[in-house]
Amino acid sequence: MNKITRRQALGTAAGALSALGIAGATAHAAAADSRASIPAGTVDEVYQGRRIQITPATSGAGHHGGHHGGGHDGLPTVRIDGRELHVMRNADGTWISVVNHYETFADPTSLARAAVRELQGAVLAPFAPMGGTA
Amino acid sequence: MTVRKNQAALTPEEKRAFTNALLELKRTGVYDRFVTTHNGFIMADTDSGDRVGHRSPSFLPWHRRFLLEFEAALQKVDPKVSLPYWDWTADRTSRSSLWAADFLGGTGRARDGQVMDGPFAYAAGKFNVNVRVDGRAYLRRALGEGVAELPTKAEVEAVLSMPVYDMAPWNSSSNGFRNHLEGWRGANLHNRVHVWVGGQMATGVSPNDPVFWMHHAYVDKLWAEWQARHPKSTYLPAAGTTNVVDLNDTMRPWNDVTPADLLDHRKFYTFDAEPVPAAAASQR
Ligand SMILES: [Cu+2]
Ligand SMILES: [Cu+2]
């Protein structure tokens with residue numbers, strides 16, 4: 001409880017300032033190691049005190065195994081503070097995540113930011129929640 | 001025979017029996033198995049791949065069977081209990097008796113969304129959220145925050161008037177009754193209610209909130225009303241559809257039941273107000 005309260009404080013007003021600081025640092029680090037090698041669609045930002053990393057789909061590379069039984073191929077990997085967020089693409093090109101599963105978003109970044117707001121400082125559970133998927 | 005009633009009409013004793021049965025399923029671990037099953041399907045059902053529980057024609061029969069199993073589990077605890085339904089076109093504010101402390105409890109507090117009253121509040125110690133997508137073990141809600149308004153009667157009417165059950169490509173981009181009721185298209189009925197409640201109801205582990213069952217019992221009733229209104233329309237597709245449950249295909253996870261087996265709810269339960277068939281309605 002205590003931990004969540006503290007994390008949450010970070011997510012609000014006080015966190016906004018430090019977030020700017022961290023965001024700056026992250027951008028510098030990225031610039032230092034060859035910016036050109038970062039594929040289009042890659043995101044590494046700090047939003048409301050949480051680190052959002054989005055890696056575009058690269059067939060097979062860096063993939064968690066066997067989650068969707070194939071349906072997951074071609075999806076970007078979205079992480080919040082290093083923990084993977086389950087995301088899905090709708091037929092019309094919009095996106096949903098496991099923490100906003102009935103509401104669509106235009107792109108993975110707005111989806112990840114919505115997840116940060118929804119989490120209110122809480123940490124994502126391991127990718128397949130207890131009991132796992134089919 | 002089980003009669004499903006409007007939650008607004010339940011007596012205090014009926015409310016108590018229902019919430020006590022929920023707490024007992026929670027205590028024995030049965031409740032959480034339903035949450036796990038639902039999340040497994042919601043994460044695996046995709047528009048371009050195999051899809052059974054959601055974003056597909058079998059959304060309605062799948063949830064009908066899922067609710068039947070849950071209701072049977074409740075009735076093992078207390079044979080007098082049946083699933084109430086929440087008509088969110090009528091009981092559309094956070095001041096509804098549905099959210100009172102003697103029933104489901106109210107919205108979450110501002111700080112962390114935690115529900116603080118009623119039998120399912122974390123502090124009451126009987127309803128920890130165990131199957132979860134993040135670290136929080138307490139039931140959360142944010143009634144009316146994710147979206148301001150619940151669907152209206154007029155919006156429901158417009159969807160009920162659609163004569164075709166479902167259409168290719170049989171997913172979240174389909175035209176037709178099923179997808180408009182599910183809410184991926186059009187005014188957005190079922191999906192919007194999940195978002196309106198917020199908290200766990202907006203996530204893949206939505207059955208963590210007991211209102212899940214009452215929301216889906218009403219979605220299920222709307223399917224029955226649609227059938228009464230369109231007696232010549234039926235479940236589609238009929239056969240031979242890749243990745244999709246056809247009328248006579250068996251559905252996972254049960255593998256012993258088809259949409260055809262589930263079309264007539266009266267084999268299993270009736271509603272306090274049964275849908276009136278179109279012919280009878282027009283004679284009035
Ligand atoms: Cu569902
Ligand atoms: Cu639902």
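**Reading helix packing and a copper site**

A: This is a predicted model. One may begin with the handedness of a helix pair: helix 3 of chain B crosses helix 7 of chain B in a left-handed manner. On the side of helix 3 of chain B, the contact includes B:Phe59, B:His63 and B:Phe70, while helix 7 of chain B contributes, among others, B:Phe212, B:His216 and B:Trp223. By type, the contact residues comprise 12 nonpolar, three polar and two charged.

Q: At what angle do helix 3 and helix 7 of chain B pack?

A: Angles of 65 to 115 degrees count as roughly perpendicular and those over 145 as roughly antiparallel. Here the angle is about 130 degrees, and the axes lie 10 Å apart. Helix 3 of chain B is therefore oblique to helix 7 of chain B.

Q: How many residues of helix 6 of chain B are buried?

A: A residue counts as buried under 20% relative accessible area. Eight of the eight residues of helix 6 (residues 190–197) of chain B are buried, so this helix is largely enclosed by the rest of the structure. Its cover includes strand 7 (100–105) of chain A, as well as helix 3, helix 4, helix 5 and helix 7 of chain B. Just after helix 6 of chain B, B:Gly198 adopts a positive phi of about 70 degrees.

Q: Which protein donors does the copper ion (ligand 1) have?

A: The donors are the NE2 atoms of B:His38, B:His54 and B:His63, at 1.9 to 2.1 Å from the copper ion (ligand 1). Their spacing in sequence is H-x15-H-x8-H. B:His54 and B:His63 are both buried. The copper ion (ligand 2) is 4.0 Å from the copper ion (ligand 1).

Notes: Residues numbered from 1 in each chain as written. Chains lettered and ligands numbered in written order. Predicted model: local features only at pLDDT ≥ 70, side-chain atom pairs only at ≥ 80, totals over all residues. Heavy atoms only, no water. Axes fitted to C-alpha atoms, helices over the stretch in contact; angles between N-to-C directions. Helix = DSSP H or I, 4+ residues; strand = E, 2+ residues; numbered from the N terminus. Parallel < 35°, antiparallel > 145°, perpendicular 65-115°, else oblique. Left-handed = near helix turned anticlockwise from the far one by under 90°. Contact = heavy atoms within 4.5 Å. Nonpolar A, V, L, I, M, F, W, Y, C, P; charged D, E, K, R; others polar. Buried < 20%, exposed > 50% of the residue type's maximum accessible area, 1.4 Å probe, protein only. Donors = N, O, S within 2.8 Å, 3.2 Å for Na, K, Ca; no water.
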